[in-house]
Amino acid sequence: MAKTNGRVAIIRNEDGLVVGSVSKELIDNGITPIYAEYSPRKIAMISDMADMFILLLEGTMAEMIEITESIRDLAKSQNKMFVGIGERVDNDFVKKNIAGFAFDAFYERPVNASAFVSDMLKYLEKGKAAGKTKKKILIVDDDAYFAGVLRDWLKDQYQVAVVTDGTKAISHLLKRPMDLVLLDYQMPVASGAQVFEMMKADAGTRKIPVIFLTGVDDTESVKHVISLKPEGYLLKSISKEQLLERLQQFFEKH
């Protein structure tokens, strides 16, 4: 069986010479391309299957901003590389109109497919090497802002993924096994307790340790959290230093 060097998501408005030449070079080097159109929903559907994202900047300015922001947020939440290809003027426009970080790397057209894919191989190998040494943590919290803060606190020491809908946590864990789940106790639709019970009922997730996140610290709430017998619980008022210390203690113990 041929060696597989990884999978990359290629997001484009339409197929063209760049997509064709880059795709051929990727395949020749054992990298599987996964294609998606300029649609946040379709990109999200294939994001778990990809090891990195490649975006071809094309279309209207509004489309480029929307898609770049969408992929940027996915890439950050999943600790994956985000590469852009386009005209210099398009990259300048995106950088000017999107606050904060966008691309990890940008390649100006015309792209030398062979040199480009050589770089992609290096990025993928670097990601694999880092992944072998970092524990994987899934944050499940309907508060996207709070989840993003936690992700930023943890991303340097751990591989971190974020799910903001408790109902999607199980399917995510079955696709991408984790070493620990930080699970919000109070969520709409499916509460933390319900997600925890679903995890314990599924053979593919029941052994994944869970630490609850809770914003309430009254006696009755804490007793109920503990009664579920998770690995522990953390108050959402915890500081970055306290969180890192608690996680270090947890992984040393396990």
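Leaving aside its neighbours within four places in sequence, which residues is Lys80 in contact with? In this predicted model, local features need pLDDT of at least 70, side-chain atom pairs count only at pLDDT 80 or more, and totals for chains, interfaces and linings use all residues. Residues are numbered from 1 along each chain as its sequence is written, and side-chain values use heavy atoms, with hydrogens and water left out.

Lys80 is found in the loop between H3 and strand E4 (81–86); helices (H or I, at least four residues) and strands (E, at least two) are DSSP runs, numbered from the N terminus. Beyond those sequence neighbours, Lys80 is in contact with Ser47, Asp48, Ala50, Asp51, Met52, Phe53, Ala75 and Asp104, where contact means heavy atoms within 4.5 Å. Lys80 counts as buried, at 12% relative accessibility. Here buried means under 20% relative accessible area, exposed over 50%, and partly exposed in between (1.4 Å probe, protein chains only). The side chain of Lys80 has a polar atom 2.7 Å from the backbone oxygen of Ser47, and the side chain also reaches the backbone oxygen of Ala50 at 2.6 Å. A polar contact is a pair of N or O atoms within 3.5 Å; within protein, one must be able to donate a hydrogen and the other to accept it, and residues adjacent in sequence count only if both atoms are side-chain atoms.

Next comes helix H6. In H6 (residues 144–154), Phe146, Ala147, Leu150, Arg151 and Leu154 are buried. Seen down the helix axis, these buried residues fall within an arc of 140°, so they line one face of H6; the arc is that of the directions from the helix axis to the C-beta atoms. An α-helix has 3.6 residues a turn, so residues three or four places apart point the same way. Ala144 and Tyr145, on the other side of H6, are exposed. The partners against which the buried residues of H6 pack include helix H3 (61–77), E7 and helix H10 (240–253). At the start of H6, a side-chain oxygen of Asp143 comes to within 3.1 Å of the backbone nitrogen of Tyr145.

Strand E7 leads on to another loop. Asp165 sits between E7 and helix H7 (169–175) and is partly exposed, with a relative accessible area of 26%. Its side chain makes a polar contact with the side chain of Thr167 (2.6 Å). The C-alpha atoms of Asp165 and Ala190 are separated by 7.9 Å, although these residues stand 25 places apart along the chain.

Two backbone details are also worth a look. The peptide bond from Arg109 to Pro110 is cis, with omega near -5°, and Pro110 belongs to the loop between strand E5 (105–108) and helix H5 (113–133). Val189, in the loop between E8 and helix H8 (192–201), has a phi near 65°, a positive value in a residue other than glycine. Most residues other than glycine have a negative phi, and most peptide bonds are trans. Val189 counts as exposed, at 76% relative accessibility.
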